[in-house]
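Trainee: I would like to learn how to read a structure that is new to me. Please show it, and let us take its features in turn.

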Amino acid sequence: MLTVTNLDAYYGQFHVLKNVSIDVREGEVAVMLGPNGHGKSTLLKAICGLAERVAGTIKYEGREITGMPAEKLVNQGVIYIAENRELFPHMTVLENLKLGAYSKNARQHEKRNLEKVFRLFPRLAERRRQLASTMSGGEARMLAIARGLMSNADFLCVDEPSLGLQPNLRIEVFNIIQEVNRQGKTILLVEQNIPQITEMADKLYVLEEGRITFQGDRSEALSNDHLKEIFLGM
């Protein structure tokens with residue numbers, strides 16, 4: 001579904017990603033692990049048309065999308081869900097969700113997707129008239145994911161959804177992401193040191209100093225002592 005080949009990405013003169021290649025098949029949850037500041041978020045932004053400068057090839061469903069602007073990629077079915085949530089704090093939950101359906105492709109499905117989102121996130125349905133600024137960290141993260149789903153995208157790039165959350169809320173958010181995947185969405189997920197991540201991952205990558213240093217499935221990850229100790233907390 002998504003193939004990244006020999007990707008380099010830059011911020012100014014800083015060379016962030018170096019010859020990165022990954023492949024995510026339809027229906028998978030692919031997880032990108034690695035330390036802070038080593039390029040994980042940059043990779044998602046490069047895929048989603050938000051990086052400053054890229055070289056290499058990115059293909060989605062066989063079509064090259066390298067360098068395509070983010071607003072066009074949303075219509076193609078690719079969405080970025082940022083780690084800092086990027087909600088509109090003085091707007092209600094419902095208003096934030098409706099803004100997620102701004103693209104031409106999403107507008108015609110707004111009502112159906114809103115019903116789906118409220119079934120998936122009943123807490124958001126209860127708080128639909130609440131201002132985003134008054135929500136807890138876990139609720140705000142749920143709202144960010146839900147707004148991404150309102151775009152009607154099939155490929156979700158989710159950046160550190162557990163960041164800053166308590167362990168019980170992390171588990172709840174991961175359970176929701178798994179349910180989103182079961183409902184047919186393909187997911188590329190960036191995380192750091194979360195042991196539970198292996199339970200949901202079909203494929204794992206490790207990105208260190210801008211390069212892929214490991215790629216494999218769940219069983220290969222669990223048999224790698226370095227990976228278990230440093231990144232999976234085992």
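Trainee: What share of the 234 residues in the chain is buried?

Mentor: Buried means under 20% relative accessible area, exposed over 50%, and partly exposed in between, with a 1.4 Å probe and protein chains only. Here 50% of the 234 residues are buried. This is a predicted model, where local features need pLDDT of at least 70, side-chain atom pairs count only at pLDDT 80 or more, and totals for chains, interfaces and linings use all residues. Residues are numbered from 1 along each chain as its sequence is written, and side-chain values use heavy atoms, without hydrogens and water.

Trainee: How many helices and strands are there in the chain?

Mentor: Both are DSSP runs numbered from the N terminus: helices are H or I with at least four residues, strands E with at least two. The chain has 11 helices and 10 strands.

Trainee: Which strands form the open sheet, and in what order?

Mentor: Strands of a sheet pair through backbone hydrogen bonds, either parallel or antiparallel. Two strands count as paired if DSSP finds at least two bridges between them. In this chain the order is β2-β1-β4-β5, with antiparallel pairing. The edges are β2 (14-24) and β5 (63-64), each with a single partner strand, so one side of each has no neighbour in the sheet.

Trainee: How many bridges join β1 and β4?

Mentor: Seven bridges link β1 (residues 2-11) with β4 (residues 53-60) in the antiparallel sense. D8 stands opposite A55 in β4.

Trainee: What box do the C-alpha atoms fill?

Mentor: Along the principal axes, the box is roughly 45 × 40 × 30 Å.
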